[in-house]
Amino acid sequence: MKNPFRRIFPKMANDNNLPQDDNLTAEASAVAGEMADVDGEITDPNLTATGAPEAEPNQADAELADLKDKYLRLAAEFENYKRRTTKERIELFKTANQELMTALLPVLDDFDRARNATQAMTDANAVRESIDIIQNKLNKTLQQKGLTAMEAKGGDFDAELHEAITQIPAPSDDLKGKIVDEVEKGYYLGDKVIRHAKVVLGQ
């Protein structure tokens, strides 16, 4: 007995006449090609032997490493500079003090000689004369080192230079609001005020 389906669907019954899909054929070919690549040698130049992409030289990383190296060098040089300048400053202070002390030693010698020479003296004028000589020598030595005394008496009051400790009636009209007396001298070291003058103002 003949199969009734062959007469109704003759093309479906024929295995040789099955419909073909072009897309399925293309995908099958691609899969076959990939399998061939897996079984054979690696043909992609960007892949390493392990199948990972080959690392390319990164210019940004190189520049970053160079900048980091320069920064570390500069930091080390700056630390050395700070140590050197601190040491030089300390040495400068020591040298400045030593220079001043050395300059004042002759004045101390004069004080010793004057004290020994005036122990048996009864003449006050002779004692005063020796003190004046030593004081002048001391003032000259300090002036050579940059010390200068202020001249405040009779001048205008300046808060930058003077310290008013009291006020008294002015002995004359021209001294009103001015410095009448100087209790303690003020001094400059170069252009810098190192001690304010203590003064009395007239009112």
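Q: Which helix do the buried residues of α4 pack against?
A: This is a predicted model, in which local features need pLDDT of at least 70, side-chain atom pairs count only at pLDDT 80 or more, and totals for chains, interfaces and linings use all residues. In α4, the buried residues are L104, V107, D110 and A114, where buried means under 20% relative accessible area, exposed over 50% and partly exposed in between (1.4 Å probe, protein chains only). Contact here means heavy atoms within 4.5 Å. The packing partner of those buried residues is α5 (124-144).

Q: In what order do the elements of the chain run from the N terminus on?
A: Residues are numbered from 1 along each chain as its sequence is written, and side-chain values use heavy atoms, leaving out hydrogens and water. Helices (H or I, at least four residues) and strands (E, at least two) are DSSP runs, numbered from the N terminus. The chain has five helices and six strands. Read from the N terminus, they go α-α-α-α-α-β-β-β-β-β-β.

Q: How far does α4 reach from its first C-alpha to its last?
A: Helix α4 covers residues 59-117, which makes 59 residues. The expected span is 1.5 Å times one less than the number of residues, and for α4 that comes to 87 Å. The model's own span is close to that, at 87 Å.

Q: At which residue does α4 bend?
A: The bend at a residue is the angle between axes fitted to the seven residues ending there and the seven starting there. In α4 that angle is about 30°, and a proline, P106, follows within four residues of the bend. The spot itself is L105.

Q: Which residue has a side-chain oxygen that reaches the backbone nitrogen of A60?
A: A polar contact is a pair of N or O atoms within 3.5 Å; within protein, one must be able to donate a hydrogen and the other to accept it, and residues adjacent in sequence count only if both atoms are side-chain atoms. At the start of α4, one such oxygen comes to within 3.0 Å of that nitrogen. The oxygen belongs to N58.

Q: Is T118 buried or exposed?
A: T118 lies in the loop between α4 and α5, and its side chain reaches the backbone oxygen of A114 at 2.7 Å. Not counting residues up to four places away in sequence, T118 touches V127 and S130. Its relative accessible area is 18%, so T118 counts as buried.

Q: How far apart in space are A149 and G186, C-alpha to C-alpha?
A: A149 sits in strand β1 (residues 147-149) and, at 31% relative accessible area, is partly exposed. Leaving out residues up to four places away in sequence, A149 touches K185, G186 and Y187. Along the chain A149 and G186 are 37 residues apart, but in space the gap is 6.0 Å.

Q: What separates the C-alpha atoms of I194 and L147?
A: I194 belongs to strand β5 (residues 192-195) and is partly exposed, with 47% relative accessibility. Among the residues I194 touches is L147. The two are 47 residues apart along the chain, and their C-alpha atoms are separated by 9.2 Å.
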